[in-house]
Amino acid sequence: MGNKRTRTAAGAAASTGTRAAGRRRLAAPLIALAAAGAVLLTGCGAGGGGHSSADGKARRSLPLPGQPTGDGTQRDGEQPDTPEATPSADYLSTFALDVDTASYGYARSALASGRTPDPSTVRPEEFVNSFHQDYERPAGNGFSVTVDGARADDDRWSLVRVGLATRAPESESSRPPANLTFVVDVSGSMAEPGRLDLARASLDVMTDRLRDDDAVALVTFSDEARTVLPMTRLGDHRDRVHRAVDRLEPGESTNLGAGVRTGYATAVEGLRKGATNRVVLVSDALANTGDTDADSILERVSTARREHGVTLFGVGVGSEYGDALMERLADKGDGHTTYVSGRDDAYDVFCDQLPRNIDLTARDAKAQVAFDPETVERFRLIGYDDRAVADEDFRDDRVDGGEVGPGHTVTALYAVRTRPGASGHLATATVRWLDPATRAPHEESGRLETGSLRSDVWAAPPSFQVTAVAAYFADALRSDGARRTALPGGRPLGELASRARDLARATGDKDVAALATALGQADHLHVCGSGCLR
């Protein structure tokens, strides 16, 4: 990726026109996977924040339509008119795109087992991005931009949703070939009956699903790491892969550092030009032997990404899970994370997510939302705390963004307080990305007027309501003792569960039904203490 500058993280405090925007720089391993083996065998199928201006005056960040950006950016589609009152730095919000969902999956798993997740593991954007959105999709690489909103019941507060969507996945035969290095945690707990055998079945199914021109390598780690299978083109060699999977045996403790080092060394050794070179790490990410220093492990991942373009897909497993480390690994590896808590999750990961993430439609994608100071009094981005990008770095393509594949949607939700009597332009959202093949920059924008705000969150379209419920849920889990969620318009968990059940019936979406179940479990556990959110 060349020389990247590190993103700065800060709290997601509410921003105002007189505050520096820097305050809002968002500052049993494999058991669930193994349990998925049976469903996979029949279900998959084969085949194929910036700084204030010194004098308080507004400074322009987004160029006027039709004007050059000064960096060779190609603008896609019609650009909306830029308002005359261009926001100052205090009214900009900039972040790298993120399609992780592990935080929500782990929270569901914890609640299902009668535990409340640690608030530090709750990332609201991963709750919001766990659900289907009906945004219009672009025809080619890059993104469409949808901006909508609805008024909350608090005085002059609204929820504003910025929705980004990539094109639908092409046929399996149209994507580039894949070089996948599976790095699998086989620590001692895998010796229990019904675990390792089903884990083998899951990997077997994935092998059968890939194309003949794809290649697979297999690395295992427990107390030490070893390459079980070097990079092997499938073609007529699937039996060789299956034999390697069948020979997997449990070891002792979890030497994650050795697994990462060996996995990436294997991936680099088998590097193939023109293919998607990716490491798939399946682990609870609880390093307890060997090199347990997170920084040295992260550096190995970063170097492989920077020098060889090897990216990471992290699959978290286990009731005890090193969430923070896995997320940092995926961030450094230009990939993303998900969490597997049962067979349905495993089906989604290995039959949907992994094939979808072999292809790539955008590199180093970043979003910048410019709020109009004439109509907006303050705002707060919900989540993305560790994905902040300095406002002035939005068009600096040396600064790392997010990698996004086809079939994805990315949602950012804002709490926005409008000025009394506000009318007119509210916000313009712009997404910038690099073409995966040519690295040419592109941008697309969308805008929102105050008159387009729905009168009530709960009168908005179902997908907007699901987004709101997911955000309120995450906010409640992070509040950790607050009598009411900090997000404007928040509802008690029991009421959110009821709304989610109604939405599940209206949409027929099983993921929304699962959200309702998790909300009910959280309500039953009295998440913030003595029933204070009931």
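How many residues does helix H13 have, and how far does it reach from its first C-alpha to its last? In this predicted model, H13 runs over residues 510–524, which makes 15 residues, and it reaches 21 Å, close to the 21 Å expected at 1.5 Å a residue. At the start of H13, the backbone nitrogen of Asp 511 has a side-chain oxygen of Asp 509 within 2.8 Å.

The buried residues of H13 are Val 512, Leu 515, Ala 516, Ala 518, Leu 519, Ala 522 and Asp 523. Seen down the axis of H13, these buried residues fall within an arc of 165°, so they line one face of the helix. An α-helix has 3.6 residues a turn, so residues three or four places apart point the same way. The face of H13 turned away from its buried side carries the exposed residues Lys 510 and His 524, whereas the buried residues pack against helix H3 (102–112), helix H11 (462–479) and helix H12 (493–507).

The largest nonpolar core has 41 residues, and those with the most contacts inside it are Phe 127, Leu 159, Val 469, Phe 473, Leu 515 and Leu 519. Two or more residues come from each of H3, helix H4 (124–128), strand S5 (157–165), S15, H11, H12 and H13, and H11 gives the most, with eleven residues. Phe 473, leaving aside its neighbours within four places in sequence, is in contact with residues including Tyr 104, Phe 127, Leu 496, Leu 515 and Leu 519. A second, separate core of 31 residues includes Phe 143, Val 416, Val 431 and Trp 433.

Why can H3 be called largely enclosed by the rest of the structure? Nine of the eleven residues of H3 are buried, so the rest of the structure largely encloses this helix. Among the buried residues are Tyr 104, Tyr 106 and Leu 111, and the buried residues of H3 pack against H4, helix H9 (323–332), strand S11 (336–339), H11 and H13. H3 is followed by Gly 114, whose phi is positive, near 85°.

Strand S15 (residues 409–418) holds Thr 411, which counts as buried because its relative accessibility is 1%. The side chain of Thr 411 makes a polar contact of 2.7 Å with the side chain of Tyr 135. Not counting residues up to four places away in sequence, Thr 411 also touches Val 128, Asn 129, Gln 133, Arg 161, Val 162, Tyr 384 and Thr 467, besides Tyr 135 itself.

Conventions
Residues are numbered from 1 along each chain as its sequence is written. This is a predicted model: local features need pLDDT of at least 70, side-chain atom pairs count only at pLDDT 80 or more; totals for chains, interfaces and linings use all residues. Side-chain values use heavy atoms; hydrogens and water are left out. Helices (H or I, at least four residues) and strands (E, at least two) are DSSP runs, numbered from the N terminus. Buried means under 20% relative accessible area, exposed over 50%, partly exposed in between (1.4 Å probe, protein chains only). A polar contact is a pair of N or O atoms within 3.5 Å; within protein, one must be able to donate a hydrogen and the other to accept it, and residues adjacent in sequence count only if both atoms are side-chain atoms. Contact means heavy atoms within 4.5 Å. The expected span of a helix is 1.5 Å times one less than its number of residues. The arc is that of the directions from the helix axis to the C-beta atoms. A nonpolar core is a set of buried Ala, Val, Leu, Ile, Met, Phe, Trp, Tyr and Cys residues joined through side-chain atoms within 4.5 Å.
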